[in-house]
Amino acid sequence: MRAVILAAGVGSRLMPLTRNTPKSLLDLGGGYTLLERQLEALGSAGVTDVRIVTGYKSEQIEAKIKDFEGFDVGVVFNPFYRLANNGASAWFGLKDLSETTIIINGDDLFKGNVIAALLESDDEVTMVISRSDEYDDDDMKVVVEGGAVLDVGKDIDPERANAESVGIMQFKGPGLTRMKTYLDAMVRVESDLQLFYLEALRRMMRDGHRVSYVQCDPSDWAEVDFHPDLEAMRRQVLNDLEV
């Protein structure tokens with residue numbers, strides 16, 4: 001079992017905080033970085049073999065992981081992080097793997113029980129979803145029905161969406177092999193380099209391959225895209241430390 005964290009992006013929407021610091025090393029308060037919280041949650045679920053796909057300010061992440069004890073953490077550098085979306089990072093992160101793999105967006109904060117629930121899935125491809133009363137244009141919206149994911153994308157009509165992707169997925173056996181095949185096809189097309197890696201999943205589903213899901217509570221996860229997201233996380237971390 002291995003986790004792959006996609007942490008290559010510049011984090012431009014969090015400038016100037018990310019001018020000299022990669023998003024995954026931003027301080028969440030109490031001395032914790034986002035990456036440390038991710039590893040803490042993974043470790044609580046028994047996942048200690050971790051690969052981080054880096055790009056922007058990679059040297060800082062490479063230096064930071066030397067401090068982590070109890071984890072086998074490696075780095076894969078994506079030299080095209082300024083030219084491509086996270087589809088390229090997923091390709092770099094998965095291309096030589098064969099064991100069951102969890103892939104995680106580098107801007108996700110989540111609890112260990114989210115990973116524990118995902119690990120219980122026996123399906124070849126499983127997405128973690130969350131539900132809310134409404135979805136906006138920036139949400140990675142999902143359509144689910146009958147225990148399966150039917151579609152995923154930011155371009156889905158919010159009225160059609162009935163869930164949101166948390167940014168965490170698990171691939172097993174043929175599911176991982178299939179995902180790598182679709183990603184390989186994407187990175188060979190210049191225009192596809194601007195796509196999210198979930199576009200490969202969308203194409204898999206359109207070709208008839210099943211994607212299952214597990215659902216987590218909205219309070220069990222969050223993502224850092226904008227300054228208000230970061231401030232909300234910092235308040236939550238400090239509240240947790242005071243309990």
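Axes here are lines fitted to C-alpha atoms, for helices over the stretch in contact, and angles run from 0 to 180 degrees between N-to-C directions. I am reading a predicted model, where local features need pLDDT of at least 70, side-chain atom pairs count only at pLDDT 80 or more, and totals for chains, interfaces and linings use all residues. Residues are numbered from 1 along each chain as its sequence is written, and side-chain values use heavy atoms, leaving out hydrogens and water.

**Entry one: H3 and H5.** I looked up helix H3 (residues 86–94) and helix H5 (residues 174–187), which pack at about 130 degrees with axes 9 Å apart. Helices are DSSP runs of H or I, at least four residues, and strands are runs of E, at least two, numbered from the N terminus. On the H3 side I found Gly87, Ala88, Ala90, Trp91 and Leu94 in the contact, among others on H5 Leu176 and Met179 (contact means heavy atoms within 4.5 Å).

**Entry two: Asp108.** Next I turned to Asp108, which lies in strand S7 (residues 108–110). Is Asp108 buried or exposed? Asp108 counts as buried because its relative accessibility is 0% (buried is under 20% relative accessible area, exposed over 50%, partly exposed in between, with a 1.4 Å probe and protein chains only). Leaving out residues up to four places away in sequence, I noted that Asp108 touches several residues, including Leu34, Gln38 and Trp221.

In helix H4 (residues 112–119) I found Gly112, Val114, Ile115 and Leu118 buried. What covers these buried residues includes helix H1 (34–44) and S7.
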